[in-house]
Amino acid sequence: MRDVDDDLLSIGRFGRLSGLSVGALRHYDELGLLRPAQVDRFTGYRRYRREQLEQARTIARLRDLEMPIDEIRELLATDDPAERRRRIGAHRSRLEARAFRLQLLLHVTGRLSQGKEPIVSDATTITSELDAATHRQLGVDLYNTTWTLLEKADRSAFETDEMIHRAHASRWHWGKVGEDVNLARGEWLCSRVYAVLGRGEPALWHARRCVDIDEAAKGREDWDLPSAYEAMARAVLVTGDREGAREWAAKARETLAAIPDPDDREVIEQDLASLDLDDD
């Protein structure tokens, strides 16, 4: 008979499949928006059931549409289709107001592209603010969709191209508005993509950039550095240097002790456990 626990997913895998970050899942748990199916009383690890993915993806989709969390909570709490339509319609009205602003920005950029002066005097300020928000949103969306393709077992050649380009595009957008930690995480994603594809040289290049940035960054999270070392271990292993990969994996495990949150530790522990570091 199949053990019911076989259907439980770790928070890291659940996050990757749903498009929600570990931090977001912990936050939604605290808010009561999306509770885990199980929390280990000894380790604190959160587990989710596969049937919760639909709700998680709905939350991720609504957050991508910038619906406030309180509105999402109310929408999910009702089974009345009319009420759901009303709430979505109210959010649509808010988006329409922003769309009018975008029309203004399109007008301004259109004139600039033609070498003409913008009619709106404060267009530069407006454009800068919008550009920052757009860069951040695109950085997040591209990061999440890259993970969706990474998890796909039967990727086509076209989807593989998409995965590569999306990882680089995410890093590029964060490079416009992000902090050092965002840049490092973008490099980490690029390295993981190339490692999954068995391409050692670019995997190693981006892993080294991730480590360099993280080691110098002041605002990193406690899991950033061990994650960077894990990326190096994975990239080095792809190049065929098994001993070097072991050294980087050991370095990652040493820094794991500084991570107080068990969910964050588990994500990196699972990544390290997936490395084939045994002698042939």
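Which residue forms a salt bridge with E71? It's R87, with the closest N and O atoms 3.4 Å apart. Keep in mind that this is a predicted model, where local features need pLDDT of at least 70, side-chain atom pairs count only at pLDDT 80 or more, and totals for chains, interfaces and linings use all residues. Residues are numbered from 1 along each chain as its sequence is written, and side-chain values use heavy atoms, with hydrogens and water left out.

**Salt bridges**
- Searching the whole structure turns up 21 salt bridges, each being a side-chain nitrogen of Lys or Arg within 4 Å of a carboxyl oxygen of Asp or Glu.
- E71 sits in helix α4 and R87 in helix α5 (residues 81-113), so this pair ties together parts that are 16 residues apart in sequence.
- Helices here are DSSP runs of H or I with at least four residues, strands are runs of E with at least two, and both are numbered from the N terminus.

**Helices α3 and α4**
- Helix α3 (residues 53-64) packs on helix α4 (residues 69-77) at about 140°, and their axes are 10 Å apart; the axes are lines fitted to C-alpha atoms over the stretch in contact, with angles running from 0 to 180 degrees between N-to-C directions.
- That angle makes α3 oblique to α4 (under 35 degrees is roughly parallel, over 145 roughly antiparallel, 65 to 115 roughly perpendicular, and the rest oblique).
- The crossing of α3 past α4 is right-handed, meaning the near helix is turned clockwise from the far one by less than a right angle.
- On the α3 side, Q55, T58, I59, L62 and R63 meet I69, I72, L75 and L76 of α4, where contact means heavy atoms within 4.5 Å.
- Sorted by class, that contact has 6 nonpolar, 2 polar and 1 charged residues (Ala, Val, Leu, Ile, Met, Phe, Trp, Tyr, Cys and Pro are nonpolar, Asp, Glu, Lys and Arg charged, and the others, Gly among them, polar).

**Helices α7 and α8**
- Helix α7 (residues 157-177) and helix α8 (residues 180-196) pack at about 170°, axes 9 Å apart, so they count as roughly antiparallel.
- Residues of α7 in the contact include M163, H168 and W174, while those of α8 include L183, E187 and Y194.
- The class tally for α7 with α8 is 9 nonpolar, 4 polar and 2 charged residues.

**The sheet**
- Three strands make an open sheet in the order β1-β3-β2, with antiparallel pairing; strands pair if DSSP finds at least two bridges between them.
- Its edges are β1 (8-10) and β2 (38-39), each pairing on one side only.
- β2 pairs with β3 (residues 46-49) over 2 bridges, and Q38 has R47 in β3 as its bridge partner.
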